[in-house]
Amino acid sequence: MSGVLVHEWLAPRGGSENVFESLTRIFPDAARYCLWNDSDGRFTVDGETWLARTPLRGHKAAALPLMPFAWRGLPDVDAEWILASSHLFAHHARFGGTARHAPKLVYAHTPARYIWNPELDGRGSSLPARAIAAPLKRLDRRRAQEPAAIAANSVFVQERIAQAWHRESTVIHPPVDVTGFLRPAQLDEHDAETLDALPETFLLGFSRFIPYKRLDLVIEAGVAADVPVVLAGAGPDEARLRSFAAERAPGRVVFVDSPGTELYRALLQRCLALVFPAIEDFGIVPVEAMAAGRPVIANAIGGTAETIVHGRTGALVEHWSHDELRRAVTTASGVSSEDCRTQGMLFSEEVFADRIRAWVHDSVDGAGA
């Protein structure tokens, strides 16, 4: 069966891009379309929307009101099915040619957080976002009735799909490159020196340095358990985090700037536990930590509640109080590395590939029945 894969904008890295990359391996003959491709060579595509030829290219917030319209002007394509990887409006995609009447399937990372769940994403609380939310909700819900089938990346997202789009969906957890974390990290001299300079025992926080990732709570976990903290990543919240660390845990927080793949793996393999306070739709980093044999302290709300087994592969935290964090670190410290690895393997690329192939096949057959 010939198909078409659709994604939002394509960037050099990101969780949804990892899913799209897996989809291109699972369906190598499928054509590929996106809003614009700024992936620095990571992806090749067969086409972009007209937004890619405007000054709005790369300016997601400014282009957002026009995205639903850009998705409706895709070219003639011969295809028997369409699979949209959507976290904003990619599920609005409409082609000409035989693809116009082909079954459209959606792998939903989330309904657009900006408009449906601004409490989960502060960007949706801005005045411009609130002004366009109501009309975009009506349009988004109407177009979400077009797909023949929808897959959600977690039960957490499945519930939001039901609330926002009034649609049923099948849960297929996204793929994680878990096998890469089973081998020792291959460090160059610089990365080896960086790792050697870190405390012997530490709690790790890893993500973009932006407010909703709540990396300040990683520091609070270190204070509660009297354990040093390493924050790895980069982003606009770094200055605030450094100031907070100097106030709450002077000399006990080390920042590692934008670690590469191997140093990132080494940090996961070396840490006492990964602390992941953000409320995520799924959360790939916690699964990678478990694949590396390390426990995870994470939010009891969101996708992490579906991947971490409290008391066996880490600890789930509800209130993030001082006492609860201290208990969480104690719980995480006592879990088995082998149990963590076993849990991580449940989310491998092989598992995802088997499930997504079967779902596409069954959904296309069902649409033609």
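## A buried lysine and its polar contact

A polar contact is a pair of N or O atoms within 3.5 Å, and within protein one of the two must be able to donate a hydrogen and the other to accept it. In this predicted model, such a contact joins the side chains of Lys104 and Glu146 at 2.7 Å.

Lys104 is found in strand E5, which covers residues 104–108. Lys104 has a relative accessible area of 7%, and because buried means under 20%, this residue counts as buried. Once its neighbours within four places in sequence are left aside, Lys104 is in contact with Arg72, Ile82, His91, His92 and Ala93, and also with Glu146, Pro147, Ala148 and Ala149.

## Aromatic pairs

A pair of aromatic rings is described by the distance of the centres and the angle of the planes. The count of aromatic pairs in the model comes to nine. One of them is formed by Phe181 and Tyr264, an edge-to-face pair with 5.9 Å from centre to centre and 90 degrees between the planes. This pair links distant parts of the chain, 83 residues apart, since Phe181 lies in the loop between strand E7 (170–171) and helix H7 (189–196), while Tyr264 belongs to helix H10 (residues 261–270).

Phe181 and Tyr264 are both buried, and together with Phe206 they form one aromatic cluster.

## Charges over rings

Two arginines place a charged end over an aromatic ring. That of Arg160 sits over the ring of Phe156, 4.8 Å from the ring centre, whereas that of Arg242 sits over the ring of Phe255, at 4.2 Å from its centre.

Conventions: Residues are numbered from 1 along each chain as its sequence is written. This is a predicted model: local features need pLDDT of at least 70, side-chain atom pairs count only at pLDDT 80 or more; totals for chains, interfaces and linings use all residues. Side-chain values use heavy atoms; hydrogens and water are left out. Helices (H or I, at least four residues) and strands (E, at least two) are DSSP runs, numbered from the N terminus. Buried means under 20% relative accessible area, exposed over 50%, partly exposed in between (1.4 Å probe, protein chains only). Contact means heavy atoms within 4.5 Å. Rings of Phe, Tyr and Trp (its six-membered ring) pair if their centres lie within 6.5 Å; planes under 30 degrees apart count as stacked, over 60 as edge-to-face and the rest as tilted. A charge sits over a ring if NZ of Lys or CZ of Arg is within 6 Å of the ring centre and within 35 degrees of the ring normal.
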